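Here is a short report for someone meeting this structure for the first time. Please look over the sequence and the model before reading on.

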Amino acid sequence: RKTLVKMVPDRFWGRSECVTYAIFAIVAGLMRLWDLGSRAMHHDESLHAWFAWNLSIGNGYTQNPMMHGPLQIEGQAALFFLLGDSEVTSRLLYAIAGTVLVVLPIFLRQRLGRIGAIFVSGMFVFSPTLLYFSRFARNDILMAVWTFGLVICLWRYLDEGKHRYLFFGSALLALMFATKESAYLVT
């Protein structure tokens, strides 16, 4: 039996896949960045921004379990230091992470198939839940990126047996544990 994917030449998939993922990344980025600073900050967002701002101006940061892991505070502080402080820069890290999440299915093409990976990526672009958490200064979207990346590494290791996927997976686990306590559940 011939499937739709096998009937289309491979050279077509290379160009069209790249264009499709590029369009998805652009659309996702625009959706996540559009009017990012217009709404008032949620209580959790304001806490993360406050501690990050203090760190960015040199007042330091002492880890508090109420703030989950230190990674988001340090990432926001770096953006505040580089770009200045505002509602936009306080949410920028999460908008970027949400955009990265959209293109990650490209690494699961062997498991999902080319059309399946594109379909998953498209669902990530237009998912209202992922869009919301990509525009919200809280660590949930970061955990989604790290977790999905870990799933990719595990499947790639099972398929190819290359140790680099274990190293990437270990790095993602470290990022998870530095982001939120739910890393224990993922592990």
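This is a predicted model: local features need pLDDT of at least 70, side-chain atom pairs count only at pLDDT 80 or more; totals for chains, interfaces and linings use all residues.

## Cysteines

How many disulfides does the count come to? The count is zero. Cys18 has a relative accessible area of 56%, so Cys18 is exposed. Cys153 has a relative accessible area of 8%, so Cys153 is buried.

## Helix H3

Helix H3 covers residues 43–56. Its 14 residues should span 20 Å at 1.5 Å a residue. The end C-alpha atoms are 20 Å apart, so the two values agree.

Which residues of H3 are buried? They are Glu45, Leu47, His48, Ala49, Ala52, Asn54 and Ser56. These buried residues pack against two helices, H4 (71–83) and H5 (87–103). After H3 comes Gly58, which has a positive phi, near 95°.

## Helix H5

H5 has 17 residues, which should span 24 Å at 1.5 Å a residue. Its end C-alpha atoms are 25 Å apart, and that agrees. The helix bends by about 35° at Leu93.

Ser86 caps the N-terminal end of H5. One of its side-chain oxygens lies 3.3 Å from the backbone nitrogen of Val88. The buried residues of H5 include Thr89, Ser90, Arg91 and Leu92. Further along, Tyr94, Ala95, Ala97, Gly98, Thr99, Leu101 and Val102 are also among the buried residues of H5.

Trp146 lies in helix H9, residues 140–160. Is Trp146 buried or exposed? Its relative accessibility is 15%, below the 20% cut-off for burial, so Trp146 counts as buried.

What does Trp146 touch, leaving aside neighbours within four places in sequence? Its contacts are Leu71, Leu172, Leu175, Met176 and Thr179. Glu87 is 59 residues from Trp146 along the chain, and their C-alpha atoms are separated by 24 Å.

## Salt bridges

Ten salt bridges are found in the whole structure. One of them joins Arg39 and Glu45, with the closest N and O atoms 3.8 Å apart. Arg39 counts as partly exposed, at 31% relative accessibility. Glu45 counts as buried, at 0%.

Arg138 and Asp44 also form a salt bridge, at 3.4 Å from N to O. Arg138 is buried, with a relative accessible area of 17%. Asp44 counts as partly exposed, at 22% relative accessibility.

The side chains of Glu160 and Lys162 meet in another salt bridge, at 3.9 Å from N to O. Glu160 has a relative accessibility of 28%, so Glu160 counts as partly exposed. Lys162 also counts as partly exposed, at 39%.

Technical notes: Residues are numbered from 1 along each chain as its sequence is written. Side-chain values use heavy atoms; hydrogens and water are left out. Helices (H or I, at least four residues) and strands (E, at least two) are DSSP runs, numbered from the N terminus. The expected span of a helix is 1.5 Å times one less than its number of residues. Buried means under 20% relative accessible area, exposed over 50%, partly exposed in between (1.4 Å probe, protein chains only). Contact means heavy atoms within 4.5 Å. A disulfide is a pair of cysteine sulfur atoms within 2.5 Å. A salt bridge is a side-chain nitrogen of Lys or Arg within 4 Å of a carboxyl oxygen of Asp or Glu. The bend at a residue is the angle between axes fitted to the seven residues ending there and the seven starting there. A polar contact is a pair of N or O atoms within 3.5 Å; within protein, one must be able to donate a hydrogen and the other to accept it, and residues adjacent in sequence count only if both atoms are side-chain atoms.
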